[in-house]
Amino acid sequence: MHLPQGPVTYKYIEVGKTLYQAVSTRTPRFPPRVAYVMLNSLFEEEREPITVYDPFCGNGVILCTAYLLFSQKIKKIIGTDLHPVVLETARRNFQWLKEQNALEERLRAIQAYKTENDELKTSYQERCRLMFNHAQQVHLDVELLQRDATQIQEHLASIDGEVALITDPPYAHNDHWNPRDGLKSADFGPLEPFLQGVVEAPNVATLLICYRVDQPIRKLLETYFAVTPLGGTKGRAIYRCERR
Ligand SMILES: C[S@@+](CC[C@H](N)C(=O)[O-])C[C@H]1O[C@@H](n2cnc3c(N)ncnc32)[C@H](O)[C@@H]1O
């Protein structure tokens with residue numbers, strides 16, 4: 001098979017174009033630029049290779065970006081999600097990055113797209129080949145598990161060494177969202193029990209979280225952590241949370 005060489009950037013990593021998307025769920029397409037900005041700010045300080053863990057990993061955009069672009073700074077990659085369909089999609093995404101048969105299947109799936117023109121399909125396929133080729137140099141253990149993030153404390157206790165949590169959690173329920181008055185904890189869904197689990201875990205070096213800019217979450221994060229806003233991109237604000 002023709003395998004082109006060349007640099008890979010976050011722009012290649014797009015759900016539904018290069019990465020598989022869990023079509024049977026309504027998981028929105030997560031912008032790879034947000035993943036890139038979060039990972040970049042995690043690694044801009046010198047640090048020993050660390051375990052990168054996304055507890056709401058969905059299709060795996062953050063983790064695939066970490067795998068392709070930051071592998072030298074990572075000890076291990078862990079992704080968990082409650083939903084078996086999205087988790088399986090994240091697995092398939094790592095599979096085609098690692099195995100040629102799975103890449104060929106991905107290329108055929110793109111070829112079968114009904115709605116795109118041939119030029120676009122060829123460009124997605126070329127990007128997949130480049131990503132695959134690049135990924136052959138990466139030798140990182142990737143663990144994808146079905147777990148409830150509200151029980152993260154137990155899972156963190158079983159992980160050796162320090163962990164960087166980096167995640168795009170489910171957003172608050174729009175029907176109940178009131179930015180002026182704030183929200184009752186129930187409106188945040190699994191987020192608050194997740195934060196409670198994280199703040200009590202001794203091996204979490206940092207938590208990077210992105211959230212829709214129109215849903216101000218800072219007050220909630222500050223209940224548990226010292227919070228540094230890191231700006232934002234693509235309609236998401238990014239926060240670094242550290243233990244006080
Ligand atoms: C905003 S999406 C994340 C999308 C992801 N960034 C991607 O690349 O596709 C939030 C994810 O949280 C998952 N989720 C919801 N409640 C959860 C829980 N209690 N534990 C773990 N995952 C959960 C959903 O299944 C969904 O995949």
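What follows is a chat about the ligand shell and several of the helices.

Q: What kind of model is this?
A: This is a predicted model.

Q: Ligand to start with. Which residues come nearest to it?
A: Phe56, Gly58, Val61, His83 and Pro190 come nearest, out of the 19 residues around the ligand.

Q: And how does the shell divide into nonpolar, polar and charged?
A: The shell around the ligand has 10 nonpolar residues, six polar and three charged.

Q: Val61 was on that list. Which residues of H2 are buried?
A: Helix H2 covers residues 61–69, and nine of its nine residues are buried. They are Val61, Ile62, Leu63, Cys64, Thr65, Ala66, Tyr67, Leu68 and Leu69.

Q: Switching to H5. What should its length be, and what is it?
A: H5 runs over residues 118–135, which makes 18 residues, and at 1.5 Å a residue these should span 26 Å. The end C-alpha atoms are 26 Å apart, so the two agree.

Q: Which of its residues are buried?
A: Tyr124, Arg127, Cys128, Arg129, Leu130, Met131, Phe132 and Ala135 are buried in H5.

Q: What covers them?
A: The cover includes helix H2, helix H3 (84–98) and helix H4 (100–111).

Q: How do H3 and H5 pack, at what angle?
A: The angle is about 75 degrees, and the axes are 7 Å apart. The two helices are therefore roughly perpendicular to each other.

Q: Which residues meet there?
A: Trp96, Leu97 and Lys98 of H3 meet Met131, Phe132 and Ala135 of H5. The residues of this contact divide into five nonpolar, no polar and one charged.

Q: Now H1. What about its span?
A: H1 has 12 residues, 32–43, and at 1.5 Å a residue they should span 16 Å; the end C-alpha atoms are 16 Å apart, which agrees.

Q: What do the buried residues of H1 pack against?
A: They pack against H2 and the strands E4 (163–167), E5 (204–212), E6 (226–233) and E7 (236–242). The buried residues themselves are Pro32, Val34, Ala35, Tyr36, Val37, Met38, Leu39 and Leu42.

Q: Last one, Lys17. Where is it, and why does it count as partly exposed?
A: Lys17 lies in the segment before H1. It counts as partly exposed because it has 19 C-beta neighbours inside 10 Å, and a buried residue needs 20 or more.

Q: How far apart are Lys17 and Ser123?
A: Lys17 and Ser123 are 106 residues apart in sequence, and 9.4 Å apart in space from C-alpha to C-alpha.

Note on methods. Residues numbered from 1 in each chain as written. Predicted model: local features only at pLDDT ≥ 70, side-chain atom pairs only at ≥ 80, totals over all residues. Near = placed C-beta within 6 Å. Nonpolar A, V, L, I, M, F, W, Y, C, P; charged D, E, K, R; others polar. Helix = DSSP H or I, 4+ residues; strand = E, 2+ residues; numbered from the N terminus. Expected span 1.5 Å × (residues − 1). Buried ≥ 20, exposed ≤ 12 C-beta atoms within 10 Å, placed from the backbone. Contact = placed C-beta atoms within 7 Å. Axes fitted to C-alpha atoms, helices over the stretch in contact; angles between N-to-C directions. Parallel < 35°, antiparallel > 145°, perpendicular 65-115°, else oblique.
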